[in-house]
Amino acid sequence: MQPLPREHHLADHLDTILLSEARIRARIMDLATEIEANESTHPDLTLLVLLHGSLLFAADLMRALSLPLYLESFRVASYHGGTSSSGALTMDPRALAALRGRHVLVVDDILDTGRTLSAVTRALREEAGAASVTSCVLLDKRVARAVEFEADYVGFPIGDDFVVGYGLDFEGRYRNLPYIATLKPEAIRETRR
Ligand code: XMP
């Protein structure tokens with residue numbers, strides 16, 4: 001096989017590895033134990049996965065849970081490219097309707113300004129008529145909050161750096177990295193050219 005051109009090696013774009021695969025794996029096992037302890041009374045727990053960013057996290061979290069559960073997913077986009085949240089959300093009304101009367105655990109990759117989860121959880125309660133709504137995030141950028149929102153389950157609190165990997169992207173790339181990392185400033189600038 002031909003070696004990839006230098007600019008195609010994703011690892012060359014990265015600054016630091018913030019969370020290794022092993023740390024992520026271990027924390028997910030703990031989160032699953034916490035979730036099972038609190039949510040086992042709900043006979044119909046539904047994991048609602050916010051795509052695309054939470055794809056890898058949700059796949060690992062659900063395999064760590066031994067509760068019976070349903071799976072639903074939503075496509076929400078608040079970044080629309082770039083490294084700051086626009087706050088504009090798109091939610092499919094038919095997907096919301098499917099959650100009426102369900103106990104919903106929303107699974108998201110990262111809680112940043114809080115706009116996404118506050119809008120999604122409000123819509124689940126007020127529009128969809130979910131029986132209960134809780135949320136689980138892998139990462140929590142507490143310092144970046146623009147609206148008041150706390151998740152019920154948090155994997156790791158992190159600082160304000162833009163992070164990629166393990167489902168998280170920068171302009172659609174880096175989702176396939178098995179760990180969470182920060183990007184070199186040049187990688188951000190090069191993509192913008
Ligand atoms: P809000 O600001 O609504 O953001 O809490 C939640 C969504 O924004 C995306 N997001 C990020 N994506 N690196 C990313 O790749 C980041 O550092 C980052 N911060 C926020 C993400 O899609 C999340 O669901």
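Strands here are DSSP runs (E, at least two residues), helices are runs of H or I with at least four residues, and both are numbered from the N terminus; two strands pair if DSSP finds at least two bridges between them. This is a predicted model, where local features need pLDDT of at least 70 and side-chain atom pairs count only at pLDDT 80 or more, while totals for chains, interfaces and linings use all residues. Residues are numbered from 1 along each chain as its sequence is written, and side-chain values use heavy atoms, with hydrogens and water left out.

**View A. An open antiparallel sheet.** Here 3 strands line up in the order S1-S8-S7. Strands S1 (14-19) and S7 (163-164) sit at the edges, each pairing on one side only. S1 is tied to S8 (residues 180-183) by 3 bridges, and Leu14 has Leu183 in S8 as its bridge partner.

**View B. Who's around the ligand.** The shell has 18 residues, with Asp109, Thr113, Thr116, Val163 and Asp169 the closest (near means a heavy atom within 4 Å).

View C. Thr116 puts a polar side-chain atom 2.4 Å from a ligand oxygen. A polar backbone atom of Asp169 is 2.7 Å from a ligand oxygen, and for a side-chain N or O atom of Asp108 the distance is 3.2 Å. On its own the ligand has 500 Å² of accessible area, and the protein covers 93% of that (Shrake-Rupley method, 1.4 Å probe).

Note on methods: Polar contact = N/O pair within 3.5 Å; in protein donor to acceptor, adjacent residues only side chain to side chain.
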